[in-house]
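Open your viewer and get ready to select a few residues.

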Amino acid sequence: MIEYVFRHVLVLLAAAILLPSSAYAQSPLEPQKAPAGEGAQAPATGGSAAAGVFSPIFDAEHRPITAGGTVKTGPIVFNDIAQKAGLTTWRHVMGSPDKRYILESIGSGVALIDYDNDGWPDIYLVNGSTQAAIDGKAMPPHAALFHNNHDGTFSDVTEKAGVANGRWGFGAAVADFDNDGWPDIYVSNFGKNRLYRNNHNGTFTDVAEKAGVQLGNWSTGATWGDYDGDGLLDLFVPGYVHYDIAKQTTGSDNIPVSFCSYRGIKTICGPRGLPGEGDHLFHNNGDGTFTDVSEKAGVSDKPGYFGLTSLFVDVNNDGRVDLLVGNDSTPNYLYINKGDGTFEDQSYPSGYALDKDGRETASMGIAVGDYRNNGQLDIFNTTFSDDYKVLYRNDGDANFTDVSDDLHIANMTIPFLGWGTAFLDYDNDGWQDLLEVDGHIYRNADANNWGTTWAQRPLLFHNEQGKKIEPVPAVENTGLAEVMTSRGLATGDLFNDGHIDAVVNNIDATPALLRNVDTNQNHWVEFRLIGSGQPGPHGLKSSRDAIGATLYLTANGIKQRRDVFSGGSFASTSDIRQHFGIGTATTIDTLEVHWPSGRIETFPVPTIDHLQTLTEGKGTDTTKP
């Protein structure tokens, strides 16, 4: 216990050293408590898991570091152009402004989807709802589909497209589930979910009921992936809290105050102390319907953990997608795909269930990326405030080590409450950087001396060639200095200029569009993949949009890895096209694609600073027997 407390004192002391001295004035650092964190299903107290209670950190203007710590000059990476782009005509709404209940505090995701196949990513923003709308006394808030106009602006086409949802929405997972060449949208809700099938004419039809994937309580960040290699994308839907809106509780009700308080102050109740909602894996039958195989596959979440987001991705390099589930205030799940239609729960043996201190974290979002360029996928989880954000290094064969302290991730993240997150190479230098967006769930955060705030600024970390990951200064009046009530985050090349941008869904606010304006002159390449659906060497097939494929690109002596996936972040889906920064290189040495079918092909890359389509079966087959 002494070592535990001492380590966190050092973490916060290091934060003052790392960040610009002109921006920070730090108060005394005294952790006031440190729970043992046994990873138990039924903790002695409620609320959200945290590492302890830490004294506030303020900047030179005595602002909590979550809303301050800005600098006057420095590199400008993002500018928020949401208003200019036309996105601020829409606003997110979730419950009442004072956030009395946990249902009102979680927020919603965002997805990038080229719904009309014109080669430009469009934006789908999920919305929440209100008690009045649920009771039929008010019009429900609607989700928004914004069409990319190719000129830096977007048009709201929600009504025409038929994707308003009108339910209490949380997440969006995009994929071509029926292999017709057009992307579809799964929307997870409190209540019945929706599966919007793309009609190829700018409209969608909700087929969730017919498909058998509606469910009916509280679903969160879903993910698509072909776990059995039949060329048909399957659907995993995590559950959060089993919630009865007619029996919502507050700290004024007859339940222990420990379940509805934070640092001794009355707050919303949960998630700990509330019943968990199970998870569901739906097998794609190929005829427009799905079968729930959760129990058979071993991923039903029998303990009832609080799932917030999930991701199908291959973490052990065996060519089969595994399954990550980020759980709030309960241990995370890592299910290894056994290749026989079932998964093996390797959450604890892998090291992903808990952090390095053996504690469960309040995991909100998941990012995956090969930050060392060594061919292994690493995992980053955002967590609650009063806890550091966890970077799990992949040591091979799906064995993970928490290296947050070693890589300077932990140092400044403790006061922040992180949500959506993504690895992205914002400066095209060939090394994946890391972005997270933040915002608190307790509406009274600003009224208490917690050192954290309701609205918070994003955090961007620059990858120093895999050796450490350093915070990028938040320059005043730029996107990184903007305080927002952020939840969902999706990244992608929205303007087809080779620079990765970000869209943020902010709870009870308008969205942000963080356009990448970094002035680097580095080169890049991007790829869109099309699977053939034909059997590979072992009888497996690739889906049309090649979800589950892995790309390896070598340039300038650096071999990078990218993976095609749907989901992750916080209940969001990023641009499915794969982007590589290549620094000063002007040629590509090799490009190798490992298709979900098991086929391995190399492709020529004749030009740089260009988007190229790769079709399975059109490259040079180098599949090993």
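Before we set off, a word on classes: Ala, Val, Leu, Ile, Met, Phe, Trp, Tyr, Cys and Pro count here as nonpolar, Asp, Glu, Lys and Arg as charged, and the others, Gly among them, as polar. Please keep in mind too that this is a predicted model.

**Stop 1: the second largest cavity**

Select R263, D386, P415, W450 and G451. Of the 14 residues that line the second largest cavity, these lie nearest its centre. The space inside comes to about 90 Å³. What is the make-up of the lining by class? Eight of its residues are nonpolar, four are polar and two are charged.

**Stop 2: the largest cavity**

How many cavities of 30 Å³ or more does a search of the whole structure find? There are five, and the largest holds about 450 Å³ of space. Now select F423, T491, F565, S574 and Q578, which are the closest to its centre among the 31 residues of the lining.

Next, colour the strands around this cavity. β22 (365–369), β26 (418–424), β30 (486–492), β35 (558–563) and β36 (578–583) each give at least two residues to the lining. If you colour the lining by class instead, you will find 10 nonpolar, 12 polar and nine charged residues.

**Stop 3**

**Stop 4: N332**

Finally, centre the view on N332, in the loop between β19 (322–327) and β20 (333–337). This residue has 1% relative accessibility, so N332 counts as buried.

Which polar partners does its side chain have? One is the side chain of S363, in a polar contact at 2.9 Å. Another is the backbone oxygen of Y352, which lies 3.3 Å from a polar atom of the N332 side chain.

To see the surroundings, leave out residues up to four places away in sequence and select what N332 touches: V325, G326, N327, S347, Y352, A353, T361, S363, N381 and Y392.

Notes:
Residues numbered from 1 in each chain as written. Predicted model: local features only at pLDDT ≥ 70, side-chain atom pairs only at ≥ 80, totals over all residues. Heavy atoms only, no water. Helix = DSSP H or I, 4+ residues; strand = E, 2+ residues; numbered from the N terminus. Buried < 20%, exposed > 50% of the residue type's maximum accessible area, 1.4 Å probe, protein only. Polar contact = N/O pair within 3.5 Å; in protein donor to acceptor, adjacent residues only side chain to side chain. Contact = heavy atoms within 4.5 Å. 1 Å grid on protein atoms, 1.4 Å probe; cavity = no way out; pocket = protein on both sides within 12 Å on 5 of 7 lines; lining within 4 Å. Points joined across faces, edges and corners; volume = space filled by probe spheres on them.
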